[in-house]
Structures are given as C-alpha cells and as structure tokens.
Amino acid sequence: MPIRWGIIGCGDVTEVKSGPAFAKASGSALVAVMRRTAHLAEDYARRHGVPRWYADAEALVRDPEVDAVYVATPPDAHAVHAQLAARHGKPVYVEKPMALCHRECLAMIEACRKAGVPLFTAYYRRALPRFLTVKALVDDGAIGTVRAVVVTLTRRHALDAEALPWRVDPAIAGGGLFVDLASHTIDLLDHLLGPIAIVAGGASNQGGFYRAEDIVSASFGFASGVRGTGLWTFTADADADRVEIIGSAGRLAFSTFDDAPVVVTRGTGVESFEVPHPPHVQQPLVQTIVDQLQGQGSCPSTGETGARATRVMDALLQSYYEGGAAELV
C-alpha cells in the first residue's frame, strides 16, 4: 500500500523540486493538494494529475485518503499547519527553514511527539548523491581528521524594489536571504560534521534595499571540536558559493547551490568528483521518508535536526532583530 500524500501550499517549490517526487518515489502517491486560491489549487491538480484539490488546509488533513502531509507554505505558516496535521494523526514533512524561530520548531516537535507521528524537514541535501559523496569522503578519512570549515556565499543584489519577494520579509520568512539560503549549508554542516555547539557573530543591513539583514558573519564550534567561519553577503560584486573543509591530510571543497564538482586536494594530487542532481531534487529525501513510514529505513532530516539549524540562525540574527550578542538558546 503506497503512502498517500497531501500538499498544503502548492506553490513554486512544488512544481519541479518536490511535488513530482511524491508521485515518482517508490511506494508513494500524491492524492491531494491545497492552496488558498482555489483556481490555482485546481490548476496544479490538473497539470500534475492529482485526483483532489482543496482551498482549505483542514479539509485536506481531514481527507481519510491522505496518509501524510507535506507543508510547503512560507515559513510563517509552518508551525500552524504542522500542528494541524499532527492533531489529525498525520506524519508531517515541512519545508525549510522549519519555522520562523527555534521556539516554533520546539512546539512542532512536541505536537508531533504527543500525537505519536514523525516530523521531517525538507533539508534534502542530506540525501542528494553529490552530498552523500562529500559525507563518504569525510567519513572515510579522505582528508584525514577534520580541523575546520570555511563557508563563503556572496550574491549580487538583483531584487525588484517594487516587487520584493516574501523571502526578504522577516515577518513571513523569519529573516532575509540568509535564512532562505544559509539554512541549507548550516544543516548540511550539521549532517557532515555533527551539531554546532558554539556560535558567535552577527548581522546587519548594508544595502538598504529591504528591512531584513543582507550580511551575516559567524564563527562557530562543533561539538566534535571542529571550528568554522562563515560569511554570507547579498549585496556583493559577484556571486560565489564555496564550502571548504580543512583536514589534517587535505582539503575538500564544494558548493551548496552551484553545480561545481566536489574537489579533494591532498599531497598526492587533486581529485574531482562530478555528481549531477536528479531531476526532482527532493525525491531522494522523500524516498527515505516513505521508506521509514513503511518500516524499511530511516530519514536523515528530522524535526530535531531541522530545529538545530534554526537555533543557529536565531543566534546569529538575535543582535540584528532583538539586540544583544549571539547566543545559542
């Protein structure tokens, strides 16, 4: 019997990245979608061959033929919809970032715990072949013992001032482009190197194009003893995307978003690994969720791991939005 999915919020992210994955994963089916604008929900269902559509989230989670719910709304609605699904006994898969803040993440985790249903977060890089290659190289000692990691992400400002996206509205997104993009890297580092235990740093707005932060700098320490630094700026002269893991016997470099190959540099030379993404980038992670729900495996991206990424981002943004120093709470 396949796991039958319903989607709350069938917007852009569900067109290619995630939506088709629920139909194409083994043991999975997409049976219902919901969007507040009824004709858009109907249009999505028609184009993707989904049997039913709704304009009300509660109607979708009450559908007896929906076994599990994917929440793909903007972050300000994640906590409400995840808890709604949990109250109806439905496992929940929620988009990233997991919620507006760590406090909401904890409420979602507790709601699912009380309901006895699992909670998953859409940090899909944990299951993509490219980053599985990175993890295997790190775990197998390809660069020796990991000592440090350096993250750099720069982007030009290219947003239309007359039509700013919700991703730079802190009330909807929980921050700016840092939250939208850096969350992937922070979660990926958690997956590769273990939880981050210490964070120092801060954020500011240098460009004045919108209210949200547009630059964040960080120094962090992992529970394992690995140290790291990060710089994310969104009003730079050029785009750049690089993560470099420094070990006792070499270095490993990759990008979080670009298609650059994974590169390992050691005394013996340089190795390059080109690992393409699948057509629907969330499908490998969706498959792990379906497998877990069917008792055949486990998903590496849970509510607990997703909450850790939000906790780190909260600490780095605290001084910008609330005043005070960065602190893990």
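Reader: Okay, where is Leu153 found?

Author: Leu153 is in strand E7, which covers residues 146-154. Helices (H or I, at least four residues) and strands (E, at least two) are DSSP runs, numbered from the N terminus. Before we go on: this is a predicted model, where local features need pLDDT of at least 70, side-chain atom pairs count only at pLDDT 80 or more, and totals for chains, interfaces and linings use all residues. Residues are numbered from 1 along each chain as its sequence is written, and side-chain values use heavy atoms, with hydrogens and water left out.

Reader: Got it. Is Leu153 buried or exposed?

Author: Leu153 is buried, at a relative accessible area of 2%. Buried means under 20% relative accessible area, exposed means over 50%, and partly exposed is in between (1.4 Å probe, protein chains only).

Reader: And what does Leu153 touch?

Author: If you skip residues up to four places away in sequence, Leu153 touches Leu181, Leu231, Trp232, Thr233, Phe234, Ala240, Asp241 and Phe257. Contact here means heavy atoms within 4.5 Å.

Reader: How far is Leu153 from Asp239?

Author: Their C-alpha atoms are separated by 7.5 Å, though Leu153 and Asp239 are 86 residues apart along the chain.

Reader: Let's zoom out. How many helices and strands are there in the protein?

Author: Ten helices and 14 strands. The radius of gyration is 20 Å, close to the 20 Å that the globule rule gives for 329 residues, so the protein is as compact as a globular protein of that length. That radius is taken over C-alpha atoms, and the rule is 2.2 Å times the number of residues to the power 0.38.

Reader: What size of box do the C-alpha atoms fill?

Author: Roughly 55 × 45 × 35 Å, taken along the principal axes.

Reader: And how much of the protein is buried?

Author: Buried residues are 53% of the 329. As for contacts between residues at least 6 apart in sequence, 67% of them join residues at least 24 apart.

Reader: New topic: helix H4. Why is H4 described as largely enclosed?

Author: H4 runs over residues 78-87, and seven of its ten residues are buried, so the rest of the structure largely encloses it. The buried ones are His78, Ala79, His81, Ala82, Leu84, Ala85 and Ala86.

Reader: What covers those buried residues?

Author: The cover includes strand E1 (3-8), helix H3 (57-62), strand E4 (68-71), strand E5 (92-94) and helix H5 (102-115).

Reader: Which residue with a positive phi follows H4?

Author: That's Gly89, with phi near 75°. For background, most residues other than glycine have a negative phi, and most peptide bonds are trans.

Reader: So where's a cis one?

Author: Look at the bond from Lys96 to Pro97, which is cis with omega near -15°. Pro97 sits in the loop between E5 and H5.

Reader: Switching to rings. How many aromatic pairs does the structure hold?

Author: Nine. Rings of Phe, Tyr and Trp (its six-membered ring) pair if their centres lie within 6.5 Å; planes under 30 degrees apart count as stacked, over 60 as edge-to-face and the rest as tilted. Take Phe131 and Phe254: they are edge-to-face, 5.9 Å centre to centre, with 70° between the planes.

Reader: Which elements hold Phe131 and Phe254?

Author: Phe131 is in helix H6 (residues 129-139) and Phe254 is in strand E12 (residues 250-254), so to speak distant parts of the chain, 123 residues apart. Both Phe131 and Phe254 are buried. Another edge-to-face pair is Tyr320 with Tyr321, at 4.8 Å centre to centre and 85° between the planes.

Reader: Is Tyr320 buried or partly exposed?

Author: Tyr320 is partly exposed, with a relative accessible area of 26%. Tyr321 is partly exposed too, with 26%.

Reader: Which residues do ring pairs link into a cluster?

Author: Trp5, Phe22, Tyr70 and Tyr93.

Reader: Last one: where's Ala212, and what is Ala212 in contact with?

Author: Ala212 is in the loop between strand E8 (196-204) and strand E9 (215-222). Ala212 is buried, with a relative accessible area of 0%. Leaving aside neighbours within four places in sequence, Ala212 contacts Val168, Pro170, Gly175, Gly176, Asn205, Tyr320 and Tyr321.
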